[in-house]
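Student: I have this model open on my screen. Please take me through how its parts are put together, one piece at a time.

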Amino acid sequence: MAQDITPITMPKFGLAMTEGKIAGWLVEPGASITAGEELVDIETSKITNTFESPLAGTFRRQVAANGEMLPVGALIGVVADAAVPDADIDAFITRFQAEFAESAGDGEGDAVADEPVTVTVGEYTLRLHERGEGDEIPLVLIHGFGGDLKNWMFNHAALAQGRRVIAFDLPGHGGSSKDVGPGTLEFFAGVTIRLLDHLDLPRVHVMGHSLGGGIALTLARMAPQRVASLVLVAPAGLGRQINMDFINGFIAADRVRALQDVLKYLVHDKSLIGRRMADDVLRYKRLDGAEAALRTIAAACFPAGQQGDDLRPDIQAADMPVTLIWGQADEVLPATQAEGLPAAITRHMLADIGHMPQLESATAVNTIVEEFIKTKVATS
Amino acid sequence: MSKKSFRQAINEALRQEMRRDPTVILMGEDVAGGRGGSAGVTDAWGGVLGVTKGLYEEFGATRVLDTPITEASYIGAAAGAAVTGLRPVAELMFVDFVGCCLDQIMNQAAKFRYMFGGKARTPLVIRAMYGAGFNAAAQHSQALYPLFTHIPGLKVVIPSSPYEAKGLLISAIRDDDPVIFLENKVMYDEEEEVPDEAYTIPFGEANLTREGDDVTIVAFGRMVGFANQAADRLEKKGISCTVIDPRTTSPLDRDTILECVADTGRLVIVDESSPRCNMATDIAALVAEEAFDTLRAPIRRVVPPHTPVPFATVLESLYMPSVEKIEAAVTATMNHRVVEKV
């Protein structure tokens with residue numbers, strides 16, 4: 001090709017500029033331009049500046065429209081000699097755009113976002129993460145005290161085969177608003193029912209861990225018609241005893257090291273608790289209102305150093321299928337609290353596993369849940 | 001939660017604290033406007049780099065005070081306001097301007113609590129931009145945090161990312177002592193996920209942005225990102241690094257630095273401030289004194305030369321620590337062989 005085609009790209013005004021907006025073109029396509037002629041006004045987060053043509057020629061194409069926001073280096077126009085055929089200009093633009101997209105595309109796919117979203121349910125803002133689709137009854141996951149939807153990171157996708165699985169942050173936790181009202185199991189079960197209404201879910205399987213297990217049982221009492229089955233993982237409410245060193249330590253710890261020590265109560269294999277995990281929990285605990293929420297819940301649910309709610313009558317009265325999963329090495333709620341329950345409730349007692357079987361023994365837990373839903377629920 | 005720039009994170013911290021606590025006020029040159037009142041626009045700019053944009057409109061002239069170009073008077077006024085019940089956030093613009101008001105900071109604000117027998121509280125925050133790489137020449141490019149770190153009675157904060165900036169600034173505003181809050185002027189457009197809610201990050205607790213076995217890198221502010229990049233490149237070559245962001249130079253999290261050095265046996269310190277009596281020398285002294293026996297190689301510093309910051313772009317980039325210089329220092333410390341004495 002004898003004639004040169006020159007791309008005009010989004011300039012970089014200063015080191016900090018990463019993108020700019022076309023505030024207004026100052027030349028029309030087809031115009032003959034000189035070097036240094038004002039081409040276009042570019043607006044950045046800091047400044048609006050006029051971009052001057054680096055060369056003389058014909059302004060052949062305006063690629064970016066007024067008002068368009070583009071990254072530095074993106075094609076905004078084309079300058080070439082008037083003799084260059086339009087087809088060559090088109091080919092040049094196509095090639096440039098493809099190459100630019102490729103170089104910028106690292107790590108930025110256009111797949112559907114598999115990320116948590118925020119919904120407003122009455123006066124509460126709840127962060128929830130929905131995965132999976134299908135005709136089967138959806139499953140709702142309820143985390144425990146101080147936890148969030150990431151507690152199900154090893155279970156969520158695995159259980160979302162053929163059904164919707166919704167994990168959410170309880171009020172006072174994770175990315176949800178921090179008002180926990182009275183902080184009781186009834187309060188959380190009530191919010192969960194309103195979330196089901198919001199999502200238009202008439203009937204769901206409910207899997208709850210620890211305090212979330214207590215919430216699941218309370219939910220089954222308050223709205224039995226909404227609950228197809230219950231999976232209770234080391235649930236609250238089946239005995240008085242609870243490790244208050246964990247509860248109080250979790251509330252008080254404001255440094256990584258202190259929290260790391262407290263989190264070790266949660267697992268049998270202590271090496272699972274890294275600095276990163278503690279750091280992640282601290283990010284939540286340092287939000288305004290988080291600590292107050294935890295204190296309210298602890299006062300409501302664990303008064304006088306023990307569990308205040310006795311849910312044994314509820315689990316005995318539950319007429320939906322129920323299964324229980326408990327780590328035998330649980331240091332927060334002793335596994336002996338799984339004893340003395342109706343025979344219809346299948347118990348899975350996992351050896352050498354702590355308070356978070358869904359994390360420490362994820363595959364086993366996922367298999368148990370799949371089997372339970374397939375067999376017990378289908379035949380009930 | 002959404003992606004926010006360093007600039008937005010700081011703006012949000014100021015806004016949320018001003019909403020929460022009516023005693024929080026802003027003072028400084030151009031914090032209200034910057035373009036004056038022409039055409040009825042009072043807050044066109046929001047500070048020279050747009051950090052305080054919108055605050056004048058929300059909180060008005062009684063809480064966002066546009067001051068004359070007189071650092072000595074308004075920093076002094078802010079110190080006085082702090083000691084008499086307000087929580088001023090005074091903006092020095094470029095930290096280099098501290099030369100005009102050092103007495104107010106060093107001899108007044110920093111000394112109130114001590115010299116009044118612990119009875120005075122001075123909840124003052126002084127925000128300022130620091131650092132080279134902006135092509136702003138020698139009088140607008142210094143990284144003067146060692147100067148403040150040297151003065152007992154001041155807390156010194158250097159955020160390394162938008163998340164860090166918001167939490168540390170909220171902690172600074174709620175703190176009852178004078179806090180120097182230093183923002184790297186090249187970082188204002190860097191983005192990351194930042195919670196919408198207010199949150200705090202405590203002072204004196206280092207953050208580990210990488211965890212590795214071979215070399216400990218301590219870096220400050222913008223240098224943390226450089227150190228992370230170097231660590232990621234070195235990882236591919238089989239060298240694993242711990243990167244420590246101390247977050248605050250005063251108080252300094254000595255324990256975390258010493259523990260990490262004990263684990264790795266090698267230390268590289270990245271500090272963009274002038275090399276004599278800077279944080280790199282301070283930490284090198286700490287480790288030499290407290291952890292000498294754990295070292296397997298000499299401590300290495302990645303620091304600029306002892307010259308004013310050059311204006312010429314090529315010289316300025318030569319002056320600055322870089323990812324490549326950090327990689328080279330880490331590689332050098334890995335290649336060091338201890339010769340047994342006979």
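**Helices, domains and a sheet**

Student: At roughly what angle do the axes of helix 8 (residues 222-236) and helix 12 (residues 323-335) of chain B cross?
Tutor: A word first: this is a predicted model, where local features need pLDDT of at least 70 and side-chain atom pairs count only at pLDDT 80 or more, while totals for chains, interfaces and linings use all residues. Residues are numbered from 1 along each chain as its sequence is written, with chains lettered from A and ligands numbered from 1 in the order written. Helices (H or I, at least four residues) and strands (E, at least two) are DSSP runs numbered from the N terminus, and axes are lines fitted to C-alpha atoms, for helices over the stretch in contact, with angles from 0 to 180 degrees between N-to-C directions. These two axes come within 9 Å and cross at roughly 55°.

Student: What do we call that arrangement of helix 8 and helix 12 of chain B?
Tutor: Under 35 degrees counts as roughly parallel, over 145 as roughly antiparallel, 65 to 115 as roughly perpendicular and the rest as oblique. Helix 8 of chain B and helix 12 of chain B are therefore oblique.

Student: Which residues of helix 12 of chain B meet helix 8 of chain B?
Tutor: Contact here requires C-beta atoms, placed from the backbone, to lie within 7 Å. From helix 8 of chain B come F226(B), A227(B), Q229(B), A230(B), R233(B) and L234(B), and their counterparts in helix 12 of chain B are V323(B), I326(B), E327(B) and V330(B).

Student: Which hand does the crossing of helix 9 and helix 10 of chain B have?
Tutor: The axes of helix 9 (residues 254-264) and helix 10 (residues 279-290) of chain B come within 11 Å and cross at roughly 60°, which means that helix 9 of chain B is oblique to helix 10 of chain B. A crossing is left-handed if the near helix is turned anticlockwise from the far one by less than a right angle, and right-handed if clockwise. By that rule, the crossing of helix 9 and helix 10 of chain B is right-handed.

Student: How many residues of domain 2 of chain B are in contact with domain 1 of chain B?
Tutor: Chain B has domain 1 (2-194) and domain 2 (207-335), with bounds from an automatic or database domain assignment. Their C-alpha centres lie 27 Å apart. Domain 1 of chain B gives 25 residues to the contact, and domain 2 of chain B gives 23.

Student: And in chain A, what distance separates the centres of domain 1 and domain 2?
Tutor: There, the assignment gives domain 1 (5-104) and domain 2 (117-379). Taken over C-alpha atoms, the centres of these chain A domains are separated by 54 Å.

Student: Which are the edge strands of the eight-strand sheet in chain A?
Tutor: Two strands pair if DSSP finds at least two bridges between them. This open sheet has mixed pairing, in the order 9-10-12-11-13-14-15-16. Each edge strand pairs on one side only, and in chain A they are strand 9 (117-121) and strand 16 (346-350).

Student: In what sense do strand 9 and strand 10 of chain A pair?
Tutor: Strands of a sheet pair through backbone hydrogen bonds, either parallel or antiparallel. V121(A) has Y124(A) in strand 10 of chain A as its bridge partner. Over five bridges, strand 9 and strand 10 (residues 124-131) of chain A are antiparallel.

Definitions and conventions
Contact = placed C-beta atoms within 7 Å.
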